[in-house]
Amino acid sequence: MKGARGRAVKGARVPAPEAFPTRPYDLLKEFTIALVVVAVLSAGLAGLFSSPDETPVTLASWSSAAPNDFTATAVAELAGSSTSAQYGPPYNDTPGAGQKIGPVGLQRAAGVRIPVDPAEDFVLRPLRESPEPPEVTTALAQWNAATPDQRQAWSSAYADALGKAPDGDPAKVAPADYGPVPALAAGLLTLAQAGSLDGQLLTRGRFYQTDYTKPMLLLADGSYLSDRATAQHLTGSQWGMMNETGNYPGQAWLWLYTFWYQIDPFKSSKNADAEVWAIMAVLSLALVLVPFIPGVRSVPRWTRVYRLVWRDHYRTRR
Amino acid sequence: MTSSWTGALRRYALRKLPPEKLLPESQPAYMASWIYVFGVLTVAALVVVLVSGGVLALFGPAWWHVSSVGKYVNSVHLWSVELFMAVMVIHLWGKFFMAAWRGRRALTWMTGAVTFLASIGTAFTGYVVQQNFDSQWISGQAKDALNAVGVGAWFNVLDFGQMLMWHIVLLPLVIGLLTVWHVLLVRMRGIVPPIGATAPGDER
């Protein structure tokens, strides 16, 4: 008993480094050489491979390059069927929206903190605040006078019709009663193509600003941005955020985070983001607490990789 | 002996980390492997990251899009980050397989692991403040994940100004302080002896 205890205590004890023979070691010289090596390598890699810098998409460039996609997005904002309109917290209070980790809904618990009303913020207000041709002014007045049900009926019907039209082209939409929606969408397209919408969604009466939440939400509601991302292998099913445009290593260290999105059940889960974050939070905590986790902290002893590191020591000891 | 706070702090610091322990001219003979180089390489890469990032900060976030010199400095920043993360991961795995937390060194491991996680956050905020298509796409995707766990309104990746502050002020400060703490802990505790090693003269 005593012997067993004694062995256990002796096995756990780690002697002080000072008790071992030493050899000369110049830490400052080692650091200086390391600094030169890393600086030269960084400078060389930068010279050889540069860095990616793909031009950002603006509302103007999107609406000019893909006007039909822009129009369909504007109509979806009016119909309340866009991603932003259906998002839930922190942007709006769509019933049932918000991811959960099991029974815990942190997204809804956080509440609406950055209020966004896509129809008003992305379409109606920019039109109202711009000098518009008479048909758009009339359309705005017709929209304002209509009941919510009537607005919904017009915009949903026009969204469906655009979906069925060849290339989603507004000029080829089957004739029907879409109320003021076509004029509103056309007015917003003109505004966007002129570059005005980029500024309007950003400034909101201020000169200085840095918050791109609204223009980014509108951009992300269209398919132009995601089509470009797909072409650049950047979507979630393509190992997403850890990549970057071009053939660059990107954030390779996010491999474990991105990995979960590639497998079931997360691949098809509507709560994937929250679930993956929960897993990564637990794993991150486990990494920090490795010295205290039975089993995990013994892996080095079992794998014996350490014998390679200290092979001189073990050889000498033998 | 005075009773001032300053004097007490000096005596505490000298007791915990006397100059010969802080800047020793010798190391235990068992410290003889290339794996030991990756710790100092990580600190060296951090210095290159900070200096190249400092030059970018000097001229502002839009500079590197319109200047060939700026583009080169941005490239140095990018590649030094790639090297920093690579050597840090090798350092981390090396320390794992050496069970380097033994002998009252758990805090050294923990500060290192938190620095690794903070570095991931810092690199991420760097990607979202590039002001290019990558920033747009990465922030657009990341907002969903952050909103899903209820923090997106307070850590708003679509707010360029907020992300820039995190990237160039808050997180570098965290990494800097953690790195100093980590290195001081290494110097205080010394290099962990090999697994199963007994002090010479203590063998049976």
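Visitor: How do you know that residues of chain A are in contact with residues of chain B?

Guide: In this predicted model, 79 residues of chain A touch 82 residues of chain B; two residues are in contact if their C-beta atoms, placed from the backbone, lie within 7 Å. Helix α2 (residues 27-49) of chain A gives the largest share of that side, twelve residues. The side of chain A that touches chain B has 49 nonpolar, 16 polar and 14 charged residues. Here Ala, Val, Leu, Ile, Met, Phe, Trp, Tyr, Cys and Pro are nonpolar, Asp, Glu, Lys and Arg charged, and the others, Gly among them, polar.

Visitor: Why are strand β1 of chain A and strand β1 of chain B said to pair?

Guide: Pairing takes at least two DSSP bridges, and three join β1 (residues 22-24) of chain A to β1 (residues 26-28) of chain B, so these strands pair. They run antiparallel, and Thr22(A) has Pro28(B) as its bridge partner.

Visitor: What makes α14(A) and α7(B) roughly perpendicular?

Guide: The axes of α14 (residues 272-288) of chain A and α7 (residues 133-148) of chain B cross at roughly 75 degrees and come within 8 Å. Angles run from 0 to 180 degrees between N-to-C directions of lines fitted to C-alpha atoms, for helices over the stretch in contact. Under 35 degrees counts as roughly parallel, over 145 as roughly antiparallel, 65 to 115 as roughly perpendicular and the rest as oblique, so this pair is roughly perpendicular. Asp273(A), Ala274(A) and Trp277(A) meet Asp144(B), Ala145(B) and Ala148(B) there, a set of four nonpolar, no polar and two charged residues.

Visitor: Why is chain A called more spread out than a compact globule?

Guide: Chain A has 17 helices and one strand, both being DSSP runs numbered from the N terminus (helices H or I, at least four residues; strands E, at least two). Its radius of gyration, taken over C-alpha atoms, is set against 2.2 Å times the number of residues to the power 0.38. For 318 residues that rule gives 20 Å, and chain A, at 30 Å, is well over it, so the chain is more spread out than a compact globule.

Visitor: How do you know how confident the predictor is in chain A?

Guide: From pLDDT, the predictor's confidence in each residue, from 0 to 100. Chain A averages 91, with 95% of residues scoring at least 70, but residues 1-11 stay under 50.

Visitor: What are the ground rules?

Guide: Local features need pLDDT of at least 70 and side-chain atom pairs 80 or more, while totals for chains, interfaces and linings use all residues of this predicted model. Residues are numbered from 1 along each chain as its sequence is written, with chains lettered from A and ligands numbered from 1 in the order in which they are written.
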